[in-house]
Amino acid sequence: MRRKSSQIVFTFLLLAISGLAQNKKIDSLNNLIAKATSDTARINLLVKKISLLRNENLDTSLLLNNKVLAEARRIKYYKGEVTLRNNLVTSYSFKGDYKSAEENLEYLKLFIKAGKDSADFASLYANYGMMYGMQGKYDTSIQYYEKAIPINERNKEAKALATNYSNIAIGFQQLSNFSQAMYYQQKALKMAEDLKNETTQAYTLVNMGITYTFMRDSARSEQAYRRSISLAEKNHLRDVELYAYTNLASLYINQKRWSSGYEFAIKAADLAAKTGDQGTQAASLAKAAICRANTDQFPEALRLAKQAILIGDSSSQPLNIYQGYSAMGNVLLLQKRFPEAIVNFEKAFAALKETDAYESDIGNSYKDLSASYEATGNFEKALASYKKYALIEDSVRSKVNIQKATELNMNYEFEKKKAITDAIQDEKNAEARSRQFLLLGGLLLTIILASGTWVAYRNKQRANASLEKQKTEIQATLSQLKITQGQLIQSEKMASLGQLTAGIAHEIQNPLNFVKNFSEVSTELVDEIDSDLKAGNVANVAALADNLRSNLEKITHHSLRADSIVKGMLQHSRTSTGG
């Protein structure tokens, strides 16, 4: 029986990527750089060139970035140095050189000028979030984005907000909190559409496609990827094409469309090699290996998996390293080479040791590892691996989790359709009012002409009575409008309160689910320890105790998350009420 393994590559948005054709834009910038009349003007133009090059080749971009940074430091150009170091953080993170990325962040932390709502601090926090996210440390990533976003909101930085909304969504997505992920992605897409920023739209659509895939909504997922590719081709965004290709490959693997999956995986791998994105290249080669293995092309599958592991190890990106070894495990499992498969699955999970990754593909790998252990007769480890699979599957695929995200998406699409319908109706109403004003004008003119021919006292009385009646009706209408307005304001307040309450419940429920699930598993482990002790099976007790300790640590971690959420709400409540 064929087994499938679907890997989803996440991506964090790059900032300030041009939407113009790269070569023409670079040629134009080179001409402007040559004519620059000051050092600062020249550095600002070079910063734009670096952003364009980063979309083409990370190594070339890094080389120029470091050279221009030296110039900015020499002339003590504060703004230029801040921008260039932020660029280095992004580029080093995509190269997997997190040590260099963090060195630049720590430098910026001391270098940036103090200010409560400094946009520079918002960029710093966002870059911390991006760096930790790329290492799979999603809880920490979300915390930094939650520091950046309020600064963006207070400063009304719409472009940065759209980017950071999309990025924080990825953290929630990878923690399998689909409703929060979809909430932020919808906000990001709406803001990008309002700004007519097709670059951010393209990135956000890729990430929405991933969320739809996790929700098992294949139709919307493919539609999002296709829209993203269309925008990427229009705006010459090669990295967006790359991410869309590799995620389409994952979607087709989920559907067991091996030929289409292989086609897009190889497209993504080739494009990643050209742009210097080793992490995505490794992940795409891993997907291509799975496609070949599932069509019995094992020699090529093994070659692709080995290449994925080699490049993945160089990228230093945990999820991409995991995907390489997991793909090799799948290829060997399909060949019934169970001991070798076990070694590679264990290496895959070792790569995730320091991450917060918690999604269904990892659960499926535990299921495959369980099957491999069972085939070798190691039933104890087979059971332990299967329990990990079941734990992840229960949390990630819970009906409540999927239902919340689906309802949120349906509400979003309904609101968009309603807005279009309302706009059409408003236009019709405006036309109707115009016709009414014309008719009313004609009627008033007729009355005035008729009144001019009558000067008798009776007609004056009738005119006065008519005016008085109109005045009374207008006053009554105005009073009714005020009453209706008050009712609408009260309804809006109650709706906002409901949304806030639901949001708080969602925030607290996520860590509580973890506490509940790990507590149940821990109870089972205690029963197993008790059983082994009574049976004199002391050898197994130490391993079970280690598992129990690990579960208790996770219970403590997620309890602290819940506690932090409650304390944050209480602090916010005291601040809001002036207490």
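Colleague: Which element supplies the largest share of the lining of the second largest pocket?

Modeller: This is a predicted model, in which local features need pLDDT of at least 70 and side-chain atom pairs count only at pLDDT 80 or more, while totals for chains, interfaces and linings use all residues. Residues are numbered from 1 along each chain as its sequence is written, and side-chain values use heavy atoms, with hydrogens and water left out. A pocket is an open set of points on a 1 Å grid over the protein atoms alone, with protein on both sides within 12 Å along at least five of seven lines, and a lining residue has an atom within 4 Å of a point. The largest share of this lining, 10 residues, comes from α22.

Colleague: Which elements give two or more residues to that lining, and which residues lie nearest the centre of the second largest pocket?

Modeller: Elements are DSSP runs numbered from the N terminus, helices being H or I of at least four residues and strands E of at least two. In total, 41 residues line the second largest pocket. Two or more of them come from each of α17 (338-351), α18 (360-375), α19 (379-396), α21 (457-535) and α22 (538-577). Nearest the centre lie Tyr-366, Lys-388, Ser-550, Asn-551 and Lys-554.

Colleague: How does this lining divide by class, and what is the volume of the second largest pocket?

Modeller: Ala, Val, Leu, Ile, Met, Phe, Trp, Tyr, Cys and Pro count as nonpolar, Asp, Glu, Lys and Arg as charged, and the others, Gly among them, as polar. The lining has 20 nonpolar, eight polar and 13 charged residues. A volume is the space filled by probe spheres set on grid points, which are joined across faces, edges and corners. For the second largest pocket that space is about 1,500 Å³.

Colleague: How many cavities of 30 Å³ or more are there, and how much space lies in the second largest cavity?

Modeller: A cavity is a set of grid points where a 1.4 Å probe fits but cannot get out. By this rule there are four cavities of 30 Å³ or more. The space in the second largest cavity is about 80 Å³.

Colleague: What lines the second largest cavity, and which element supplies the largest share?

Modeller: Its lining consists of 10 residues, with Arg-54, Leu-58, Asp-239, Tyr-243 and Asp-277 nearest the centre. By class, five are nonpolar, two polar and three charged. At least two lining residues come from each of α2 (39-56) and α12 (238-254). The largest share, three residues, belongs to α12.

Colleague: How are α3 and α4 oriented to each other, parallel or antiparallel?

Modeller: Axes are lines fitted to C-alpha atoms, for helices over the stretch in contact, and angles run from 0 to 180 degrees between N-to-C directions. Helix α3 (residues 58-74) packs against helix α4 (residues 78-95) at about 155°, with the axes 10 Å apart. Angles under 35 degrees count as roughly parallel, over 145 as roughly antiparallel, 65 to 115 as roughly perpendicular and the rest as oblique. The pair α3 and α4 is therefore roughly antiparallel.

Colleague: What is the relation of α14 to α16, parallel or antiparallel?

Modeller: Helix α14 (residues 278-293) and helix α16 (residues 318-334) pack at about 10°, with their axes 8 Å apart. Their crossing is left-handed, a term for a near helix turned anticlockwise from the far one by less than a right angle, clockwise being right-handed. The two helices α14 and α16 are therefore roughly parallel.

Colleague: Lys-76 has a positive phi; what is its value, and is the residue buried or exposed?

Modeller: Most residues other than glycine have a negative phi. Lys-76, in the loop between α3 and α4, has a phi near 55°. Buried means under 20% relative accessible area, exposed over 50% and partly exposed in between, with a 1.4 Å probe and protein chains only. At 75% relative accessibility, Lys-76 is exposed.
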